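Reader: Walk me through this model, please. I would like to start with a helix pair and then turn to the pockets.

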Amino acid sequence: MHARLQALPGGTVDVAEDAIATLRGALRGSLTLPGEPGYDAARAIWNAMIDRRPAMIVQALGAADVIRTVDFARERGAVLAVRGGGHGIAGNAVCEGGLLLDLSRMRSVQVDPAARRARVEGGALLSDVDKETQAFGLVLPLGINSTTGIAGLTLGGGFGWTSRSLGLTIDNLEAVDIVTADGVFRRADATQHPDLFWAVRGGGGNFGVVTSFAFRLHPLPTQVTAGLLLHPLAEAPALMREYRRLVAEAREQLSAWLVLRRAPPAPFVPAEWQGKEVLIIALCHAGPVAEGEAAAAPFRALGRPIVDLVGPHAFVDWQAAFDPLLTPGARNYWKSHDFDALGDATCDVLLEAVRRLPGPECEVFVGHLGGAINRVAADATAYSRRDVAFVLNVHTRWRDPAQDEACIDWARGLFHALAPHAMGTVYVNFMPADEADRIGGAYGPNYARLAEVKRRYDPLNLFRLNQNINTAGPAGART
């Protein structure tokens, strides 16, 4: 069976049956065409709004498979998508009519507990990393949804519960093995290809396919103080003022995030509160349980919570605590802003919008940053947003395509209402597909240097299915 691939910058290219057979025979992994077993499962990603059909799917088992696939796409001028965990909101992990390179079978995590180092393959999920590192009482700062892929998270920056004390994921990255657009396998670190190493720490998938990451790890008890405090939304104005005071005083080991949504139908939520608007304070202390209990006490003393679930938890369980609310198969659309403070006007806009949520799974969360993240110079890595105190994500989530317009319009309306109070920058991993004009705000003052590295390693823009760096210059910072 022959294939017809979408070509760059347009049109198609025919691939003969013998060329397909040759590639298939050279792979350790598999090559799947439309109609063959496993095709639909391989093309499905987290965001159900994305339903694309690649002409070919390669599921790689190692760097050799990645090299052969990159060469195959480049030599034919074909559209190439690269999938790690398939969790990105923009849906760039899969292409229409092109060649999909899927790393999801490359999930090895190897920990050296004595050296406190880990080597992680590009298809691993955050749960893979957490389970392996915590077996040795170690941790890598990661995101808050354990089904996220390590590659996309890391290449965009990466932050979560331990980042205020341990930095971003990229701040703990020591090297990458990467296949660039010319099909060459390179090790990039502080001394080998340092420009490339700088660029992959926040510049996304613009520069190649990372087959493995080398990370520095940190000690962390397997039990930490963490949990949720649920409050009625009616108490939110006073609670948010107190929240701002407490986080300004909090030690860096403590992260306190806000979530505004309807209470889910979870066993821990009283039946009379399920489906009603609530403000949730989510806490995690990256240190011994006793110290965490003391750090969490002022937050637990606020108001009269409906539910107080703060206490000792296994860290790997806390890392997966939000997974049930973020399962694959739903339709998702995000809008995001960075803030240096949460002023009264910002809180008023948020609360007004949350009183008219378009669906039971829609929410707004406010991530608490600062600390070790902001002690790194803005030009030390491609990720430049080292002055952000809070990152806000408007997360609309629904099931019925008939709700698309209502949910997306609500998210955009809240985004625009918040814009006068925001910094004008954005976390690249939170950008949906329709935000090309915000890429300048994502990469900020580092854009010009990123464009230079892009020209050097990918002059034909083979790796364009991402928040793409235009070597002619950045797009605007706002929508």
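Reader: Which residues of H11 and H12 meet?

Author: This is a predicted model. By class, the contact of H11 with H12 has seven nonpolar residues, one polar and no charged ones. From H12 come Trp 410, Leu 414, Ala 417 and Leu 418; their partners in H11 are Thr 346, Val 349, Leu 350 and Ala 353.

Reader: Are H11 and H12 roughly parallel or roughly antiparallel?

Author: H11 spans residues 344–354 and H12 spans residues 404–418. Their axes lie 10 Å apart, at an angle of about 165 degrees. Angles over 145 degrees count as roughly antiparallel. The pair is therefore roughly antiparallel.

Reader: Is the crossing of H11 and H12 left-handed or right-handed?

Author: The two helices pack with their axes 10 Å apart. H11 passes H12 in a crossing that is right-handed.

Reader: Which element gives the most to the lining of the largest pocket?

Author: The largest pocket has a volume of about 340 Å³ and is lined by 18 residues. With three residues, the top contributor is E14.

Reader: How many residues of the lining of the largest pocket are charged?

Author: Nearest its centre lie Leu 228, Phe 268, Leu 309, Ala 321 and Phe 322. The lining holds 13 nonpolar residues and two polar ones. The charged count is three.

Reader: What volume has the second largest pocket?

Author: Its lining has five nonpolar, seven polar and two charged residues. The volume of the second largest pocket is about 190 Å³.

Key: Residues numbered from 1 in each chain as written. Predicted model: local features only at pLDDT ≥ 70, side-chain atom pairs only at ≥ 80, totals over all residues. Heavy atoms only, no water. Axes fitted to C-alpha atoms, helices over the stretch in contact; angles between N-to-C directions. Helix = DSSP H or I, 4+ residues; strand = E, 2+ residues; numbered from the N terminus. Parallel < 35°, antiparallel > 145°, perpendicular 65-115°, else oblique. Left-handed = near helix turned anticlockwise from the far one by under 90°. Contact = heavy atoms within 4.5 Å. Nonpolar A, V, L, I, M, F, W, Y, C, P; charged D, E, K, R; others polar. 1 Å grid on protein atoms, 1.4 Å probe; cavity = no way out; pocket = protein on both sides within 12 Å on 5 of 7 lines; lining within 4 Å. Points joined across faces, edges and corners; volume = space filled by probe spheres on them.
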